[in-house]
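Open the model in your viewer and keep the selection tool at hand.

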Amino acid sequence: MTVNLATRTTPMPLAGGLAWRLVERNLLVYRRIWLLIVSGFFEPVFYLLSLGVGIGALVGTVAGPDGRAIEYTAFVAPALLAASAMNGAVYDSTMNVFFKLKYAKTYDAMLSTPLGPADIAVGEILWAQLRGTLYSATFLLVMAALGLIDSWWALLALPATMLIGLAFAAVGMAATSFMRGWQDFEFVQLAILPMFLFSTTFFPLSVYPRPLQLVVQLTPLFHGIELVRPLTTGAGIGIGLLGHALYFVGLAAIGLAVTARRLEKLLLK
Amino acid sequence: MTEPDPAEQLVHARGLTKRFGDFTAVDGIDVDVRRGEAFGFLGPNGAGKSSTMRMIACVSPVTDGTLRVLGRDPATDGAWIRGRLGVVPQEDSLDLELTVRENLLVYGRYFGLPKPLIRERAEELLDFVQLTDKRDAKVDALSGGMKRRLTIARSLINEPEVLLLDEPTTGLDPQARHVLWDRLFRLKQQGVTLILTTHYMDEAEQLCDRLVVMDKAHIVAEGSPAELIGQWSAREVVEVRFAPGDHEAMAGKVEDLGSRVEVLPDRLLLYTEDGDAAAAAVHERGLHPVGLLVRRSTLEDVFLRLTGRTLVD
């Protein structure tokens, strides 16, 4: 049995391209319900307008990544960008995947074809990440239109958000593979919402007492914001950004490996 | 047992075993399926049919024993084998988020087939399963029989060498079953090897050239429907009804008229080579049955003899 496990999971078939067939399938499905995708884009835009622009008018400036003062809106916008990548990826890799896994038997049908559990993991994570990318790209355009991009480094913000989305999709799908029922998705909300509110999205790390700072620094979204904020503001660009990027590479790899293993265990009984 | 040509032997199992923890679902069975035949696994619920099918379909690792499908080992060549199989699962697993035609198109893509080829095959298959006028309908809107037919069409998109059908007509009305049987019969004529599980004896008699009867994880009988009837039942069965409660007593008075007599709560079953002669003898002995019926022996008789009349859940 262990031999089977090894031979079925090890060749991560990105190169084989079969995983893209899942992306094709999802594109076909969403072509009819594109409105559902569009709605997900508005959420961070509304936050940007209300908190960034609205409250920003009261707050004025805050300390940016390099300590110099920047406009509050320019401070919040990149954080919302990272959060939109997270949300887009998590939407698809949790609820939608769970439905296909437990109820629609979508993956059982796929496994009667040359597709294996690893293809399914890669395919769904790619798709969730693409959805996250779509949100990030449009949000970046909104930022540009509102004059919230202050640096050419911002060009790297898109690949950065793609990486963030990939990691969140992989971890989201891995977590979903452990879910027993719909009520378990409360835990996803329990993780996402505080992360969204407190990972230096709306105020800098310095407002927290030291012990809480350490907790915040452990959250993935914190690393996402630390990665993206210097890129769009052009302040605090340094080698440290690579560290945050590597953090997400590692997270994505772990999430993908766990997902493939779990799918194999759940589907190939 | 002489080993047939491996190229003609599409499934080859020796001592095939599947265990789930302490529970043994399949216990060391030997099976050979030859190219072009329709092969059936018969058995009550929980006999191990579906577990065997899942192992052949390369979606369930073999616990013990040898299994070769199309000459290869599912443990190492699973994807290669699955690319050449068609699978009709027990539970419909159609993609509810897609239309009838899209189900075929997308499924074909999972096999890595080029789009123009899939489009062409999809039209042919929709015609074959009589769903052309439903091509743009949502799967949800289809009847049970239509869903089954679509599942069969989907399983044929890669032009499989072997079609695996797990209880293909369970839950269908008689009309839908006959349409399905007709399609399966045509496939068989086209040379597709069929492997199916069923607990419907008429289905097995209609479709299978050869079958095995499974009970409690073992194979208990093997052969063509006619061979099995010859071996485990008699040619004809006389069903004799007496007044309620008399059957046990009457069994002794007729048991010499056939090879075997079985007592049921409401009737006696007399297994015999010549039903009319036995029926006449019952009357000659002045036993005055309330009712009497001579019928041909069926696989159902074999099945009940081999697997018992006790309810299996």
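What follows is a tour of selections, each with what is found there.

**Before you start.** This is a predicted model, in which local features need pLDDT of at least 70, side-chain atom pairs count only at pLDDT 80 or more, and totals for chains, interfaces and linings use all residues. Residues are numbered from 1 along each chain as its sequence is written, while chains are lettered from A and ligands numbered from 1 in the order in which they are written.

**Stop 1: a helix pair in chain A.** Select residues 157–176 and 240–267 of chain A, helix 7 and helix 11. Helices (H or I, at least four residues) and strands (E, at least two) are DSSP runs, numbered from the N terminus. The two axes lie 7 Å apart, at an angle of about 30°. Helix 7 of chain A is therefore roughly parallel to helix 11 of chain A (angles under 35 degrees count as such). Axes are lines fitted to C-alpha atoms, for helices over the stretch in contact, and angles run from 0 to 180 degrees between N-to-C directions. The crossing is left-handed: the near helix is turned anticlockwise from the far one by less than a right angle.

Now show side chains. On helix 7 of chain A, pick out A:Leu163, A:Ala167 and A:Met173, among others in the contact. On helix 11 of chain A, the partners include A:Phe248, A:Gly255 and A:Arg262. Contact here puts C-beta atoms, placed from the backbone, within 7 Å. The contact residues divide into 15 nonpolar, 2 polar and 1 charged. Ala, Val, Leu, Ile, Met, Phe, Trp, Tyr, Cys and Pro count as nonpolar, Asp, Glu, Lys and Arg as charged, and the others, Gly among them, as polar.

**Stop 2: chain B overall.** Select chain B, with its 11 helices and 13 strands. Its C-alpha atoms fill a box of roughly 75 × 45 × 35 Å along the principal axes.

**Stop 3: strand 10 of chain B.** Select residues 236–241 of chain B. Which strands does strand 10 of chain B pair with? Strand 12 (residues 268–272) of chain B runs antiparallel to it, joined by 5 bridges. Strand 13 (residues 291–296) of chain B is also antiparallel, over 6 bridges. Pairing requires at least two DSSP bridges. Centre on B:Val238: B:Leu270 stands opposite in strand 12 of chain B, and B:Val294 in strand 13 of chain B.

**Stop 4: a helix pair in chain B.** Select helix 5 (residues 144–155) and helix 6 (residues 174–189) of chain B; their axes come within 9 Å and cross at roughly 15°. The crossing is right-handed, that is, clockwise.

Notes:
Angles under 35 degrees count as roughly parallel, over 145 as roughly antiparallel, 65 to 115 as roughly perpendicular and the rest as oblique. Two residues are in contact if their C-beta atoms, placed from the backbone, lie within 7 Å.
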